[in-house]
Amino acid sequence: MTSRTGAAPRIDLHTHSTASDGTLTPAELVRAAAQAGLDVLAITDHDTTAGWAPAVGALPPGLRLVRGAELSCRWSGTEPAVPLHLLAYLFDPDHPELVAELARVRAAREHRGERIVALLRADGIDVSWPDILAGAGGGTVGRPHIAQALIRIGLVGSTREAFGPDWLGERYRLPKDDIDVFRAIRLVRSAGGVPVFAHPRATRRGRVVPDELIAELAAAGLAGLEADHEDHSPAERAHVRALAADLGLFVTGSSDFHGTHKTVQLGEFSTGVEAYERIVAEGVTEVASG
């Protein structure tokens with residue numbers, strides 16, 4: 001594979017649109033990716049494939065689109081359970097079991113959001129659940145939408161501050177009913193998709209799972225690890241690469257772009273061609289080309 005310019009291809013395999021908690025519509029996202037000089041973009045909204053069709057419909061010439069999703073998962077090997085995210089690429093969006101599970105998680109995410117808003121209001125914080133739903137625009141509701149409400153009323157200055165311990169990171173953080181990570185891998189594989197563990201060593205986000213669990217996930221069908229990510233320190237990136245090599249997994253790099261919800265830009269981290277080609281070879285859904 002070569003890029004449009006003849007240089008090494010620029011491949012970003014983790015981005016979000018307004019179908020979940022990004023600030024660009026799917027159409028705007030693919031246009032922004034082309035303007036940023038990307039050759040391959042993955043759309044990986046939280047627990048939904050709703051952005052796939054509009055992204056494909058607006059795909060600029062020369063840009064390839066990997067259709068995916070970021071699944072909200074948990075590992076219950078410790079108490080409380082550790083939340084984690086699984087990137088799923090090129091799976092069948094009509095697989096009945098996976099469709100049902102994603103619908104359940106979206107409903108759980110919305111219920112959690114409503115409960116968080118109730119806690120905020122009980123403390124005298126004037127946020128409105130209907131306004132937050134309207135701000136989500138029909139996309140999967142997440143804590144970033146609540147963060148935006150806190151920013152609008154001037155209580156925090158940024159999404160990062162909103163996710164701090166005084167707010168959504170701890171004081172007003174509630175669990176939701178995520179997918180058991182082993183079940184998630186089975187579902188993605190049965191739907192013909194390729195599962196990759198998102199930011200597996202991001203200690204700045206909270207607790208991380210042990211390497212022994214990742215080895216078990218690899219035996220269960222995990223295909224890769226996301227190494228290059230803004231929430232990984234250089235030492236954490238090196239650790240992930242070494243672990244992937246030991247387990248025979250490929251590594252990816254990506255921006256985890258959310259538009260103005262984050263400062264990271266499209267293409268800030270990228271995936272190598274070999275890993276991308278392995279995903280394409282294993283996935284059941286074809287890459288869309290503009």
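These legends accompany several close-up views of one predicted model. In this model, local features need pLDDT of at least 70, side-chain atom pairs count only at pLDDT 80 or more, and totals for chains, interfaces and linings use all residues. Residues are numbered from 1 along each chain as its sequence is written, and side-chain values use heavy atoms, with hydrogens and water left out.

**View 1. Domain 1 and domain 2 in contact.**
The domain assignment of the chain gives domain 1 as 11-103 + 176-289 and domain 2 as 116-172. These bounds come from an automatic or database domain assignment. Taken over C-alpha atoms, the two domain centres lie 25 Å apart. Domain 1 brings nine residues to the contact, and domain 2 brings eight residues. Contact here means heavy atoms within 4.5 Å.

**View 2. The area buried between domain 1 and domain 2.**
About 640 Å² is buried between the two domains. Buried area is the accessible area (1.4 Å probe) that two parts lose on being put together, summed over both. Carbon and sulfur atoms give 45% of this area. On the domain 1 side, S20, D21 and H261 supply 59% of the area buried against domain 2, more than any other three residues.

**View 3. Polar and charged features where domain 1 meets domain 2.**
The side of domain 1 that touches domain 2 has one nonpolar, five polar and three charged residues. In these classes, Ala, Val, Leu, Ile, Met, Phe, Trp, Tyr, Cys and Pro count as nonpolar; Asp, Glu, Lys and Arg count as charged; the others, Gly among them, count as polar. A salt bridge is a side-chain nitrogen of Lys or Arg within 4 Å of a carboxyl oxygen of Asp or Glu. One residue pair across the interface is in polar contact, with both residues at pLDDT 80 or more. A polar contact is a pair of N or O atoms within 3.5 Å; within protein, one must be able to donate a hydrogen and the other to accept it, and residues adjacent in sequence count only if both atoms are side-chain atoms.

**View 4. R104 and E101 in helix α3.**
The whole structure holds 15 salt bridges. One of them joins the side chains of R104 and E101, at 3.0 Å from N to O. Both residues lie in helix α3 (residues 96-122), three residues apart, about one turn of the helix. Helices (H or I, at least four residues) and strands (E, at least two) are DSSP runs, numbered from the N terminus. E101 is buried, at 10% relative accessible area. R104 is partly exposed, at 29%. Buried means under 20% relative accessible area, exposed over 50%, and partly exposed in between (1.4 Å probe, protein chains only). A network of salt bridges links R74, E101, R104, D177 and R183.

**View 5. The salt bridge of D211 and R201.**
The closest N and O atoms of D211 and R201 are 3.7 Å apart. This pair links distant parts of the chain, 10 residues apart. D211 is in helix α8 (residues 211-220), and R201 is in the loop between β6 (194-197) and α8. D211 is partly exposed, with 23% relative accessibility.

**View 6. The salt bridge of D228 and R241.**
The two side chains meet at 2.4 Å, N to O. D228 lies in strand β7 (residues 224-228) and R241 in helix α9 (residues 234-247), so the pair ties together parts 13 residues apart in sequence. D228 is buried at 14% relative accessibility. R241 is partly exposed at 38%.

**View 7. D47, a buried residue in a loop.**
D47 sits in the loop between β2 (40-46) and α2. Its relative accessibility is 0%. The D47 side chain makes a polar contact of 2.7 Å with the side chain of S72. A polar contact of 3.1 Å joins the side chains of D47 and R109. Not counting residues up to four places away in sequence, D47 touches E70, L71, S72, L102, V105, R106 and R109.

**View 8. A53, an exposed residue in helix α2.**
Helix α2 covers residues 52-57. A53 has a relative accessible area of 60%. A53 and P26 are 27 residues apart in sequence, and their C-alpha atoms are 8.6 Å apart.

**View 9. E286, an exposed residue in a loop.**
E286 sits in the loop between α10 (273-282) and β9 (288-289). Its relative accessible area is 65%. Leaving aside neighbours within four places in sequence, E286 is in contact with R67 and L90.
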